[in-house]
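Colleague: I would like to learn how to read the helix packing and the ring pairs in a model such as this one. Could we go through them feature by feature?

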Amino acid sequence: MFDRASRADQLEEGLRRYLPRLFGYALSLTGEEEKAQDLVQECAMRALDATRVPADEAALRAWLFNILRNLWIDRQRKTLETLLDAEESLLIPDLSASEGRLIDGITVHQALDRISPMAREILCLVDLAGFTYMEASELLEVPLGTVMSRVSRARAALHAALQQSNVRALHVKRGS
């Protein structure tokens, strides 16, 4: 641990650095941009109010993600909402993006919505947030082998969901 001023500086820098990943993780958990923003804001407030902040970079990152995850779990318990209400959580894509990227984004988003919340969570931690298997193991408080098997099963489930997708690119002939 370190003095209050350097703690605040390190925490502020860490929050700035991990904000996009925290938001991505929150979005994957909540499925709604506004809820994800609220969750990240509450996470930041909790972190800034903390009396003890990990000094180690890896520990700080895991600590921030753990705060966010615990806040989400608390909210789930309070509201009894489930992540299976995927149709309402589909984000409106950026229509200026290329058609292929747009279709890919919609397809992956819909496929993520069709896999279990546990599978979605582990993929978001490992594949989107960039946690190692060991870090995810510590964050989720499960054995390393459990993380490895969950990632494997989650990737297989995502692959299967992608194969079942009915979203296809339209092939339009361009005028000559």
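Modeller: We start with burial: a residue is buried under 20% relative accessible area, exposed over 50% and partly exposed in between, with a 1.4 Å probe and protein chains only. This is a predicted model, in which local features need pLDDT of at least 70 and side-chain atom pairs count only at pLDDT 80 or more, while totals for chains, interfaces and linings use all residues. Residues are numbered from 1 along each chain as its sequence is written, and side-chain values use heavy atoms, with hydrogens and water left out.

Colleague: Which residues of helix 6 are buried?

Modeller: Helices are DSSP runs (H or I, at least four residues), numbered from the N terminus. In helix 6 the buried residues are Ala119, Arg120, Glu121, Ile122, Leu123, Cys124, Leu125 and Val126. Valine 126, whose place is in helix 6 (residues 117-128), counts as buried because its relative accessible area is 10%. Leaving aside residues up to four places away in sequence, valine 126 touches Phe131, Tyr133, Ala136, Val151 and Arg155, where contact means heavy atoms within 4.5 Å.

Colleague: How is the packing of two helices described?

Modeller: One gives the angle between their axes and the distance between the axes. Axes are lines fitted to C-alpha atoms, for helices over the stretch in contact, and angles run from 0 to 180 degrees between N-to-C directions. For helix 6 and helix 7 (residues 133-140), the axes come within 9 Å and cross at roughly 135°. The two helices are therefore oblique to each other, given that angles under 35 degrees count as roughly parallel, over 145 as roughly antiparallel, 65 to 115 as roughly perpendicular and the rest as oblique. Their contact is made by Glu121, Ile122, Leu125 and Val126 of helix 6 with Tyr133, Ala136, Leu139 and Leu140 of helix 7.

Colleague: And what describes a pair of aromatic rings?

Modeller: The distance of the centres and the angle of the planes. Rings of Phe, Tyr and Trp (its six-membered ring) pair if their centres lie within 6.5 Å, and planes under 30 degrees apart count as stacked, over 60 as edge-to-face and the rest as tilted. The structure holds 2 aromatic pairs. Tyrosine 25 and phenylalanine 65 have ring centres 5.6 Å apart and planes at 45°, so this pair is tilted. Phenylalanine 65 and phenylalanine 131 form an edge-to-face pair, 4.6 Å centre to centre with 85° between the planes.
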